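Colleague: I have a model open and would like to go through it. Can we start with the helices and work along from there?

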Amino acid sequence: MQGLMQPWPLLCSKVIDHAAIQHPHREIVSRSVEGPIHRTDYRTVRSRSLRLAKRLDREGIGLGDRVATMAWNTWRHLECWYGIVGIGAVYHTLNPRLFPEQIAWIMNDAEDRLLFVDLTFLPIVEAIAPQLASLEKIVVLTDAAHMPESSLANLACYEDWLAEADDDFAWKAFDENTAAGMCYTSGTTGHPKGVVYSHRSNILHSMLAQQPDAMGLSSRDVVLPIVPLFHANGWGLAFTCPMAGAAMVMPGPKMDGASVSEMLVSEKVTFSAAVPTVWLMLLQHLEKHGGALPDLNRVVIGGSACPRAVTQKFQDDYGVQVIHAWGMTEMSPLGTLCTIKPEYAGLEGDALLDLEMKQGHPPFGVEMKVTDDSDADTPWDGRTFGRLKVRGPSVAASYYKGTGAEAFGAEGWFDTGDVAHIDPHGYMQITDRAKDVIKSGGEWISTIDLENLAVGHPDVAEAAVIGLPHPRWDERPLLVIVPKEGRDPGKAEILGFLEGKVASWWMPDDVVFVEAIPHTATGKIQKMALREQFRGYSLPSA
Ligand code: AMP
């Protein structure tokens, strides 16, 4: 027997329709690329997205066509997403921090037909334009007054181009499993792999993100999505905020401590989301210049492990709740969030901080398990490490064009490539990327744990741990440290600080001080480059 309920396809256009009807005057405030603060609302964003859809349609763009964006978080980028998905085309976010050759490779692989680009990134496009085989048109996200000179052919000014259409247009209808968005993720080897989100996966992801034990957004929230739309589907916030009716504050090109702090205070932001580096910059700014965060209620921190010192400072000094989160591009991206279940409600002080160092538990819609080398489930004892696997309606079933098939196992389990353990109450903690883990005498050492402890030292700005070959133990840890400006902690001082906080056999065999640690285009520590840099380095214990 079948249910007798309506099919109501889960299409992304329904989200902006809902926001425009139920929350028409909720503000979207952006720091524009041109400079001034810009204000609009959901009703206007919907109207301009309809014009954009109509204009794209006239351009010959339709179902399944890939439309790239290389842009900061602004109201215009949001309009692009909704206009694109509204006709069944596919938004393809490009990370401008990748090497230009990589961007060209990705655009050709995706066969992007049209590109929306911010003024900031036009030089990148000018440099790679001759290589872009499928690209037909470039629309610069600005108005006539700011339109630059350019050697590019088929260039249009966004506001003029958009003005050629009105909003008398209806969203197209199609199956909810139709592709809505694309984002490439870079592995350590081979070409980047394309993740293709569907309308259905985006909607279900936003609904799971909205659960009170996940992001818990409401129409009373003012959300500052610092995480760029080009990082892992913008953590879903372009859909979750309008679905909840939350106001949005878009940081545009400025994510430094001073600019973020200004937006947080002047726009009365209650909720924000970003990687640890951004929060470190904000906290350093506040430490130096003073200031409070009177309206900020909670922040989601993920993308890399959140250092203990960041969580502690936010909570103790500024009264802001930290929700540590883990996810991946392949997961739309939310996987787990560290909100407090009743089982842990009594924790305080260091015990609470210990819990908050975990990446948390999955909301409804994400299943997870950890398996050992023989693919058997490990016990949920909060200690036994293994490979973390996930499945759910917003987890990728394969990559674009079928690359990287080895990650997709039996019964839908996707191998995340992360090493983790799960505790008896279902809280997962990442200990490493599988390829970064250190094996010393057959036992695993968590580089993430060591890094988190090291950045807790008041003189340390950033820390990374890598394994170096060792004649007796196979591998031993080397701690690489970037000191804070003007500080000069010695090796003995750092090791003394770690002493007693980790098992003695986890203690790094050496500490080296560097000016900078290499990062990937998504801000993660580039361990491969670091291992290369220290190839041949001889540990004093070796
Ligand atoms: P991306 O697809 O670029 O978002 O990268 C996903 C990867 O980032 C994950 O597989 C993890 O290795 C890492 N990651 C994300 N969030 C966290 C976190 N909270 N703690 C540790 N690693 C994280």
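Colleague: Which residues of helix 1 are buried?

Modeller: A note on the source before that. This is a predicted model, where local features need pLDDT of at least 70 and side-chain atom pairs count only at pLDDT 80 or more, while totals for chains, interfaces and linings use all residues. Residues are numbered from 1 along each chain as its sequence is written, and side-chain values use heavy atoms, with hydrogens and water left out. In helix 1 (residues 13-22), the buried residues are S13, V15, I16, D17, A19 and A20. Buried means under 20% relative accessible area, exposed is over 50%, and partly exposed is in between (1.4 Å probe, protein chains only). Helices (H or I, at least four residues) and strands (E, at least two) are DSSP runs, numbered from the N terminus.

Colleague: What covers the buried residues of helix 1?

Modeller: The cover includes helix 2 (42-58), helix 3, helix 7 (199-210) and helix 8 (237-244).

Colleague: OK, nonpolar cores. Which residues touch the most other members in the largest one?

Modeller: L115, F116 and F314, in a core of 140 residues. Helix 3 (residues 75-85) gives the most to this core, with seven residues. Apart from it lies another core, of 17 residues, including A463 and I494. A nonpolar core is a set of buried Ala, Val, Leu, Ile, Met, Phe, Trp, Tyr and Cys residues joined through side-chain atoms within 4.5 Å.

Colleague: What is L115 in contact with?

Modeller: Leaving aside neighbours within four places in sequence, the contacts of L115 include A68, M70, L94, V125 and V139. Contact means heavy atoms within 4.5 Å.

Colleague: Now D112. Where is it, and which side chain of opposite charge is nearest?

Modeller: D112 is in the loop between helix 4 (100-110) and strand 5 (114-117). D112 is buried yet has no salt bridge, and the nearest side chain of opposite charge is R66, 5.5 Å away. For charge, Lys and Arg count as positive and Asp and Glu as negative; His and the chain ends are not counted. A salt bridge is a side-chain nitrogen of Lys or Arg within 4 Å of a carboxyl oxygen of Asp or Glu.

Colleague: How many salt bridges are there by that rule?

Modeller: The count comes to 35. One of them joins E164 and R55, with the closest N and O atoms 2.8 Å apart. E164 is in the loop between helix 6 (158-163) and strand 8 (179-185) and R55 is in helix 2, so the pair ties together parts 109 residues apart in sequence.

Colleague: Are those two buried or exposed?

Modeller: E164 is partly exposed, with a relative accessible area of 44%, while R55 counts as buried at 7%.

Colleague: And what about K401? Which residue does it form a salt bridge with?

Modeller: K401 pairs with D109, the closest N and O atoms being 3.2 Å apart. K401 lies in the loop between strand 17 and strand 18 and D109 in helix 4, so this pair ties together parts 292 residues apart in sequence. K401 counts as exposed at 52% relative accessibility, and D109 as buried at 16%.

Colleague: Last topic, strands. How do strands 16 and 17 pair?

Modeller: Strand 16 (residues 367-371) and strand 17 (residues 386-391) pair in the antiparallel sense over five bridges. Two strands pair if DSSP finds at least two bridges between them. E367 stands opposite R391 in strand 17.
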